[in-house]
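Reader: Pick one part of this thing and walk me through it slowly, please. I'd like the details, and then how the surroundings look.

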Number of protein chains: 6
Amino acid sequence: MTFQRADGRAPDQLRDVRITRKWLDHAEGSVLVEFGATRVLVAASVTPGVPRWRKGSGLGWVTAEYEMLPRSTHTRSDRESRRGRVGGRTHEISRLIGRALRAVIDYEALGENTIVIDCDVLQADGGTRTASITGAYVALADAVAWLRERDLLAGEPLKDSVAAISVGILDGTALLDLPYEEDSAAEVDMNIVCTGDGRLIEVQGTAEGEPFDRAQLDALLDLGQAGCATLATLQAEALAR
Amino acid sequence: MTFQRADGRAPDQLRDVRITRKWLDHAEGSVLVEFGATRVLVAASVTPGVPRWRKGSGLGWVTAEYEMLPRSTHTRSDRESRRGRVGGRTHEISRLIGRALRAVIDYEALGENTIVIDCDVLQADGGTRTASITGAYVALADAVAWLRERDLLAGEPLKDSVAAISVGILDGTALLDLPYEEDSAAEVDMNIVCTGDGRLIEVQGTAEGEPFDRAQLDALLDLGQAGCATLATLQAEALAR
Amino acid sequence: MTFQRADGRAPDQLRDVRITRKWLDHAEGSVLVEFGATRVLVAASVTPGVPRWRKGSGLGWVTAEYEMLPRSTHTRSDRESRRGRVGGRTHEISRLIGRALRAVIDYEALGENTIVIDCDVLQADGGTRTASITGAYVALADAVAWLRERDLLAGEPLKDSVAAISVGILDGTALLDLPYEEDSAAEVDMNIVCTGDGRLIEVQGTAEGEPFDRAQLDALLDLGQAGCATLATLQAEALAR
Amino acid sequence: MTFQRADGRAPDQLRDVRITRKWLDHAEGSVLVEFGATRVLVAASVTPGVPRWRKGSGLGWVTAEYEMLPRSTHTRSDRESRRGRVGGRTHEISRLIGRALRAVIDYEALGENTIVIDCDVLQADGGTRTASITGAYVALADAVAWLRERDLLAGEPLKDSVAAISVGILDGTALLDLPYEEDSAAEVDMNIVCTGDGRLIEVQGTAEGEPFDRAQLDALLDLGQAGCATLATLQAEALAR
Amino acid sequence: MTFQRADGRAPDQLRDVRITRKWLDHAEGSVLVEFGATRVLVAASVTPGVPRWRKGSGLGWVTAEYEMLPRSTHTRSDRESRRGRVGGRTHEISRLIGRALRAVIDYEALGENTIVIDCDVLQADGGTRTASITGAYVALADAVAWLRERDLLAGEPLKDSVAAISVGILDGTALLDLPYEEDSAAEVDMNIVCTGDGRLIEVQGTAEGEPFDRAQLDALLDLGQAGCATLATLQAEALAR
Amino acid sequence: MTFQRADGRAPDQLRDVRITRKWLDHAEGSVLVEFGATRVLVAASVTPGVPRWRKGSGLGWVTAEYEMLPRSTHTRSDRESRRGRVGGRTHEISRLIGRALRAVIDYEALGENTIVIDCDVLQADGGTRTASITGAYVALADAVAWLRERDLLAGEPLKDSVAAISVGILDGTALLDLPYEEDSAAEVDMNIVCTGDGRLIEVQGTAEGEPFDRAQLDALLDLGQAGCATLATLQAEALAR
């Protein structure tokens, strides 16, 4: 008999995904992305020029910062600004988002422009990093469009789209897109980042309880790649609106 | 001839004010408050107990933290968490919001409970501190209701409501509720915090250009007290929904 | 029957104010300012040039920093340098002093020079921010004189003098220039910053206990403006010596 | 024709691995671990008791900190202590090492003891995180032995051994245990952490250039699991000496 | 022909030394100490109890903090509180002052009381650390007297007095008590801390230019011990007033 | 009867000193220096150019940083990088090492090159600062040789060698080169830094218990200068290998 999910979804089913573009007035690209109750506000900010170490190279730059609002979670967390230092998890996810986006960017085509992606988690219910990446691609695409309209590009900087999803094993069942409740009980927890053509950019799997074998890993990869394909379609639809 | 506002409002007219309660699932009280394009997410978090210096007193505590998302403004600002220190303006506004709320709280009736109010500016177009205070009162009232439903109060902790509005002088005209464009050009800039019964909790006026005289100050106070009265009505309506 | 002040002063009477110029050998302007037992050392430092964001504008800059020595208060406080961060109150007062001084400065006449005002509280007995502003104007005037003697000005940068005083309501009585004991018991606490010609630069009033009405506010403003006028005379006398 | 490695190794060959136990006199466990020119000093420190949030649970705790000496790399890096903050990469690797070790620990058998693992990179030539994990297991085993000799354990806390290795794709060839030169040129970079019984604890793969497909991922996993098996043997030999 | 000092002093002559007790109203001991133009405000703060690591020992504690006001020097320095970290020189001198005072303290007689000595340099003209130590002893003696009057001591905690002076070699001449101008040009710079009975607590000599030999060292030690003896007399006179 | 040292050494005998050059592959100079169980890894890093304040002067710069690994000591200490600030002792020793090396450097001959010396204590058993200085000179000499081989010098920057040793008084006996056990029990603790020609660069003596007189000081200086002479020979032998 199969594992019953609390929200009634099939093991390979995504939560309700909503991508609302242009949620902010000032940002060159912005998206409110929701994976179920997880809600992330993504802003893409364009600035002419690149960091000092890259000046004169003719190449652009894309970077990302991720942070959670103090009451995005079940109980309030202290602000990292008040603690005076950014935590390890925050750094780690910021770096992951940046790498994921840079994997589909042609720096030469971007020219010496910098795009900073801010992912601020307004409400967290599992999968905040995968929602961030999925929404960030759409905000990035809008920021690129903003540059294109102003003739500030040297070519087409987006080589492909990028999306991400979490998978995990709970009571022996491989599940797609875990909310907080499932995530915190999972034996294995994995995040998969794919390009629109279905190839992998990032695979991060961790045994939270028992170590896992190759068969389990394969099941999770199948599930994750399928989930990313669905997200790629939703991204394309959002951008077509 | 009178000064023409870019958005067509009369000098004594508020922007469109929207107060959306229960915007978050986890927080004991939460509000998305909008004054025109200014949009602040307010979360009220209840925790049993009080800070160490207040333990055993039988008295509760209310405090507030204010912060702006990096791309809430026209151009992106660095995160205070990354800079490793909270700026003076952020501190100042956090303290103002806390004082405003505490002015209407009966600590004894609250009992040894702490309510932390987080005001995160999602989009800034002037008046972020006054929108924060106005929304924070509603989130605070919901948090107090949450405590009341669970029989965790020693009485009625809310002595009155509290709202705030900005006023200023531009080209010699006293204006109510200034958006960023007016605010940055104003000669005098003032924030007024009132209780529901129309009395003053806080008056902060600053000459940005020319010093001002008592007649000008009186005109601003009249305008601000009237604006606060309107906000008090809107708060009551929101809480009645 | 009227309220009796512990030090025997009339409600509208200042404490003994002493302004000692040239207390330091190196600083371009320096003042030891005393309001009763409150004692603040003010140093004005001139440097050629302005901050980067102002370069090439032809305009000068004035800024201020305020800090309390650890044992200026009744019980010792930790040093902000050891805690690794400057507190919100310190930031707030530093910003207030800077704004007050900038209100009487003609940046063009100052030319591309920067004057930094350091206000270090050696002993605190209420009114440290108002004593700081009052003393800072005198130190600023001396620093401007230092520039004038060296022919480094483009005109006369001081448009007027500036002074500040605290007022408050205690047991229903409006009082001028509150020492610590009165200040900590006051129902309303207000700081008023005036130019020499009697106009207002800054009004900051806070209900510490009960909210206040317009009549009370008016009484406080009358008291404060009269106090500032007296201080302006004392500043002029000090500068004439 | 196959890819030629600069150091003449076969694609599936480890560098020369040396594990020197008891390199320090004071630490309860210590190892100097070398993967070719990569040299990491690992110290395991036992302290009775556990962090506050775990007190009274009867469970132990294991955590890790990783850091690079400033001149472990080709050019000198600033010290994180001087910069006043720990970088994202350092945090990320510290967390990875801690998770890897905790995966083979039975907290109940460890009892309320804490083991802190310090991994300080004396010289870096690629694979510092995998060398750290591999050496850390041996230092951990010695620290556990130290506790066992003193009868301070509630059982056998080590459920299995743990080792880690890097794999990557360079010019289309899957390679094991990449030195810096290969690592910085690799198209895909992956770290694999295995238990002694060959199961997976952590899989972290990143496309640095082109995205990768499932076949490439499979080749890397095969290579990595074989490498970990060899390391497990070397760890057992070191512990048997 | 001998070296001529700019201020006309003999090589073995102290600057004008002034010790003004009770400069502050709140501190248990306080001194404004002046060595020529060097002016340090010293406050001694008594608190019952000792730091956590010393609780229950029956022993007291004495510690010191040294800091310079930003405009104590010829050109303004940034505040350490704003830079967010205390500099090495400040730490070093704070530690030196603390050690010097602790050398004459009987912890058992002090009982579980802590005395914190704050030395804030209001004006710097060389010898700020030696003036601090010399003044700190007097403030410490007053704080001890404060405890004695309240019957809070377990005996007599002051075993002896302590004073300090700088010596140095300039153009081959050994000089006592160097002002900034001499100090910055000296080939050898030494600080000597002595007890009232003429023994040494601390000797810190540094070759700023040429290394020095034993004969030169002996000459400096002679000069410094004599200077400390004079200071001990001045301290006793100040305490007798 | 004379004091018996736990390790059987004569009072004037050094511990076993080992200087291993070229311990690192990348650094321009590197040394593993051991004084008994004290083990310090020293790396000398050459970079072209000098800090901003020295640019265009034609002069070089030498600076040093000292730090202890968390488990170099008997019980583990927190990392200074995690605490977010460098402690006073660490600063003090870094500054001492830098001064000692700069005393033998001819900046003009060095030309506009910077050499940074990193001293990382791998294991601490007393005398870590003196071992650091003694090893640092050898690493510095190798870095200078590296510059000389590349024809990047304007002359011979090393005016002499430099070495350092600790001395102290224990139970009335003057001892050379104190291990931790002796050091922590010593009444007087002194560090002496000498040039190869036997002159003094730095003398730092502290009474940890009883103050000391001139005769005791003389005995310590004799012992220390002799110890430094022996170290100078060992340095020369190491550099000749």
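Author: Two housekeeping notes. This is a predicted model, where local features need pLDDT of at least 70 and side-chain atom pairs count only at pLDDT 80 or more, while totals for chains, interfaces and linings use all residues. Residues are numbered from 1 along each chain as its sequence is written, chains are lettered from A and ligands numbered from 1 in the order written, and side-chain values use heavy atoms, with hydrogens and water left out.

Let's settle on strand E3 (residues 38-48) of chain D; strands (E, at least two residues) and helices (H or I, at least four) are DSSP runs numbered from the N terminus. Of its 11 residues, 9 are buried, so E3(D) is largely enclosed by the rest of the structure.

Who are its neighbours? Strands pair if DSSP finds at least two bridges between them. On one hand there's strand E2 (residues 29-35) of chain D, antiparallel to E3(D) and joined to it by 7 bridges. Gly29(D) sits opposite Ala44(D) of E3(D) there. The E2(D)-E3(D) hairpin leaves 2 residues between the strands, and Gly36(D) adopts a positive phi near 60° in it. On the other hand, E3(D) also runs antiparallel to strand E5 (residues 113-123) of chain D, with 10 bridges joining them. Look for Ala43(D), whose bridge partner in E5(D) is Asp118(D).

Now hop to chain A, where strand E3 (38-48) supplies at least two residues of the side that touches chain B, as do strand E4 (61-68), helix H1 (80-83), helix H2 (88-102) and strand E5 (113-123). Contact (heavy atoms within 4.5 Å) takes in 39 residues from chain A and 39 residues from chain B. The two bury about 3,200 Å² between them, 47% of it on carbon and sulfur atoms; that is the accessible area (1.4 Å probe) lost on being put together, summed over both. On the chain A side, His26(A), Arg71(A) and Arg82(A) lose the most area to chain B, together 24% of what that side buries. The count of salt bridges (side-chain nitrogen of Lys or Arg within 4 Å of a carboxyl oxygen of Asp or Glu) between chain A and chain B is 16. One of them joins Glu65(B) and Arg76(A), at 3.2 Å from N to O.

Note on methods
Buried means under 20% relative accessible area, exposed over 50%, partly exposed in between (1.4 Å probe, protein chains only).
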